[in-house]
Amino acid sequence: MTQKNFILSGAGFAALMLALLALLWSMVPQKDGAANIYGQLSDGNWMAWTFPVALFFWCIAALLITMTLLALRFPETPRRGLLRIETTRGDRLFISLLGSAFIALIWLFFAGPPVWGALILCLIWAAVVFAWV
């Protein structure tokens, strides 16, 4: 993939993701003139789709698109890290997401909400995984 195609593809996907984010934000219910981000985005569904839940899945989609574009533009070579297995960027993303899920669950069990501390630990975990695994 040439640099021009990479930039155009990246800009196109960025515009698409920003449009999706704007659509999600427009669906946030209003309560007393303020955005109620914890209110359901659509009534009558089987799952409580609140803005934070939708934003979580939006972030995962953005990560996957970014990793795909990086893999197309900069082909990766597997490397061996602390786990002594060959991992690519995608493998490290999966390991960091899986570990983050467990960190969040453990945080909820021992500390309960809010989970801002767990988010900080998850970001540190992801940085460690991408640096050394």
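This is a predicted model: local features need pLDDT of at least 70, side-chain atom pairs count only at pLDDT 80 or more; totals for chains, interfaces and linings use all residues.
Residues are numbered from 1 along each chain, and side-chain values use heavy atoms, without hydrogens and water.

The buried residues of α3 are Arg92, Leu93, Ser96, Gly99 and Ser100. Seen down the helix axis, they fall within an arc of 140 degrees, so they line one face of α3; the arc is taken from the directions from the axis to the C-beta atoms. Their cover includes α2, β3, β4 and α4. Glycine 112, with a positive phi near 75 degrees, follows α3.

| Element | Residues |
|---|---|
| α1 | 3-26 |
| α2 | 51-73 |
| α3 | 89-110 |
| α4 | 116-132 |

Helices (H or I, at least four residues) and strands (E, at least two) are DSSP runs numbered from the N terminus.

The axes of α1 and α2 come within 11 Å and cross at roughly 175 degrees. That makes α1 roughly antiparallel to α2 (over 145 degrees). Axes are lines fitted to C-alpha atoms over the stretch in contact, and angles run from 0 to 180 degrees between N-to-C directions. Residues in contact (heavy atoms within 4.5 Å) include Phe6, Phe13 and Trp25 in α1 and Phe51, Trp58 and Arg73 in α2.

Notes. Angles under 35 degrees count as roughly parallel, over 145 as roughly antiparallel, 65 to 115 as roughly perpendicular and the rest as oblique. The expected span of a helix is 1.5 Å times one less than its number of residues. Buried means under 20% relative accessible area, exposed over 50%, partly exposed in between (1.4 Å probe, protein chains only).
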